[in-house]
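Please read each point alongside the model.

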Amino acid sequence: MTITVYVPRDSSARAVGADEVAVAITAEAARRGDDIRIVRNGSRGMLWLEPFVEVDVDGIRIGYGPVQTADVAELLDAGMLSGGDHALRHGVVDELEWLSQQDRLTYARMGVIDPLDLADFEANGGLIGLRKAIAMSPQQVVETVAASGLRGRGGAGFPAGRKWQTVLDAPGEQKYICCNADEGDSGTFADRMLIEGDPFTLLEGMTIAALAVGATEGYVYLRSEYPDAGTILNAAIDAAHGYGWLGSDVLGSGRAFDVHVRMGAGAYICGEETSMLDSLEGKRGMVRAKPPLPALEGLFGKPTVVNNVLTLGSVPFVLAEGADAYASRGLDRSLGTQVFQLAGNIKQGGVVELGFGVTLRELVEGYGGGTASGRPIRAIQVGGPLGAYLSEEQFDLPMEYETFAAAGAMVGHGGIVVHDDTADMARLARFAMEFCSEESCGKCTPCRVGSTRGVEVIDRITQGEDRKGNLTVLLDLCDVMTDGSLCAMGGLTPLPVRSALTKFPEDFGLTAQEVSS
Amino acid sequence: MTERSLSEMPGGAPSDAADPVAARLETLALARKAEAGPLMEILHDIQHEFGYLPESATPVVAEVLNLSRAEVHGVISFYTDFRTEAPAEIAVAICRGEACQAVGAESLVGHAEATLGVQVGKKTADQSIELEQIFCFGNCALGPSASVAGRLRGRVTPEVLDAMIEDARRGAGS
């Protein structure tokens, strides 16, 4: 009987040798005359265990990891193909606490299925949401999404249902669904993993959105740093065409919808929705002033839904299981689950999907197991390069949009980057300004000029040049950038800078009193 | 702009059959002309084929899409990926995002600069290797991340980076 062996093709797994391991297992099994079939699945998200190899033993999957090519012969000697014991064996994958305690809705199929096998997708709950949406009126679909409380997962947290309603109500024959897959924030990789590991879920969400608002064309704006995701997504689109899902008659509904993939070209700012639209149109990725809202005048001036990968990827669950099922997770106005990403100096990095309200400490110390270096945690940056640095006394805050905003921080895309006690917070604050000056689109002065001046002023402070005077200038500059920038790039860069200053003034050669006065 | 005035300019002459590069550029641009907002797609295609954007790409693409050269140049210069000179044989790209910084990306960059003898953004004297900085490969749980000749690796130590470069050199030489 053919034994199925899963070796992830996720690019993080490949970056630590998954391809070589897949080749080695194939060769070693052939040498022994073992009849195996390798499935290149998505990653389960336990990235510290990658390459994480799973063997299907009578329908139960047994996991081994991290597997290196040098381990393969020994693993097969130990009877890996029948679930045999070995130092790298972790047991029944579904029973691993790290996974089983999560609440995987958006990531339900991650690592479970063959990413490009539509039958596997359907056998695991795929397309149920879309079929339900086809049977509903557009207004009912929009109301379901609104009732679920789903908010934009790209960082801003705008209610998805309200955005869809605006597009549904907008007049016009041509409307678009644009998926923002320009996941440029350091510490975030959940969009990439979903596209590589379960691309049909994204396509299903986009198709539901299209039916809801009356769009016939969709674009995925994918960053060029993610070539594997592009390959897989294009293959998934081809498969969906072949199945009669995408194209002129979506699953026999009589409605048309098609999806195109467009590659970015290395501009961080294109993750901002209006500059992404300009870039999709083939232009410089310059931020647009709002209004007009993209919902009314978006891509090529037409009504457009712009949603993040995970927002669209959460929609199939909402339709399949109902708004209440989704809204039963979470806290206050942050409903549903968030796909948190544990990154940076972390022992057990990866993806944890849980309802909003989990604390940073539970994520980082519980799931993450503390730092990779074994040293104490000094600061955690949540929400990407534009998110605040949090210190120890804030680790028990519930991860929830409003609570974080009230604390001068942001949940953002759910990226969590851990720094140990060797981190130089003044250098990281300077980096925030430097990054902004590097990546600013240049349209508005506070962002373009302010960030350059920010680097200079921080340098003066750390070099001891009129520290108090320059601190005043820096804080003033932060105010101007916050209040005067056109988009979040310039507007939020002061967040990491200010938080680093307030929490870790000693790194700047300042005292807490000087910073707070 | 007329075709004649174009051909009088340096790097111009899009329809000059005697210039195979210009002819090929025109073919690539025409292939996507009918798509919505195709400029970036065309530039990607050209760069994919040539490895960079030849000087004549700007006037040829501008002509085909009925855009000004300034518009095309503006797009090329806006995006980090688009390059107007031939790349080195081997690109060494190191992530400098915060997550990789938290596990030693800066010392990895320092090591690469010292061993290759170049600053970030520059090519080695023999033009064979170019050192680049990247802001995030999306491999943030297994940093530091670096890619050599398009191959991404995680948990890159200075020794691993040296081995990656050595591998690429051997691959390029064979």
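1. Basis of the note. This is a predicted model, in which local features need pLDDT of at least 70 and side-chain atom pairs count only at pLDDT 80 or more, while totals for chains, interfaces and linings use all residues; side-chain values use heavy atoms, with hydrogens and water left out. Residues are numbered from 1 along each chain as its sequence is written, and chains are lettered from A and ligands numbered from 1 in the order in which they are written.

2. Length of helix H13(A). Helices (H or I, at least four residues) and strands (E, at least two) are DSSP runs numbered from the N terminus. Helix H13 of chain A covers residues 309-321, and its end C-alpha atoms lie 19 Å apart. This agrees with the 18 Å that its 13 residues should span at 1.5 Å a residue, the expected span being 1.5 Å times one less than the number of residues.

3. Because 12 of its 13 residues are buried, H13(A) is largely enclosed by the rest of the structure. Buried means under 20% relative accessible area, with a 1.4 Å probe and protein chains only. Among the buried residues are Val309(A), Gly313(A), Pro316(A) and Phe317(A).

4. Composition of chain B. This chain holds 8 helices and 4 strands, in the order α-α-α-α-α-β-α-α-β-β-β-α from the N terminus. Of its 174 residues, 48% count as buried.

5. Domains of chain B. The assignment, which is automatic or from a database, gives domain 1 (6-78) and domain 2 (90-169). Taken over C-alpha atoms, the centres of these two domains are 32 Å apart.

6. The sheet of chain B. Four strands form an open sheet in the order S2-S1-S3-S4, with mixed pairing; two strands pair if DSSP finds at least two bridges between them. Strands S2 (129-134) and S4 (151-153) stand at the edges with a single partner strand each, so one side of each has no neighbour in the sheet. From one strand to the next, the twist averages 20°.

7. Pairing of S1(B) with S2(B). Strand S1 (residues 90-95) of chain B runs parallel to S2(B), and 6 bridges join them. Ile90(B) has Ile129(B) as its bridge partner in S2(B).

Terms used:
Axes fitted to C-alpha atoms, helices over the stretch in contact; angles between N-to-C directions. Buried < 20%, exposed > 50% of the residue type's maximum accessible area, 1.4 Å probe, protein only.
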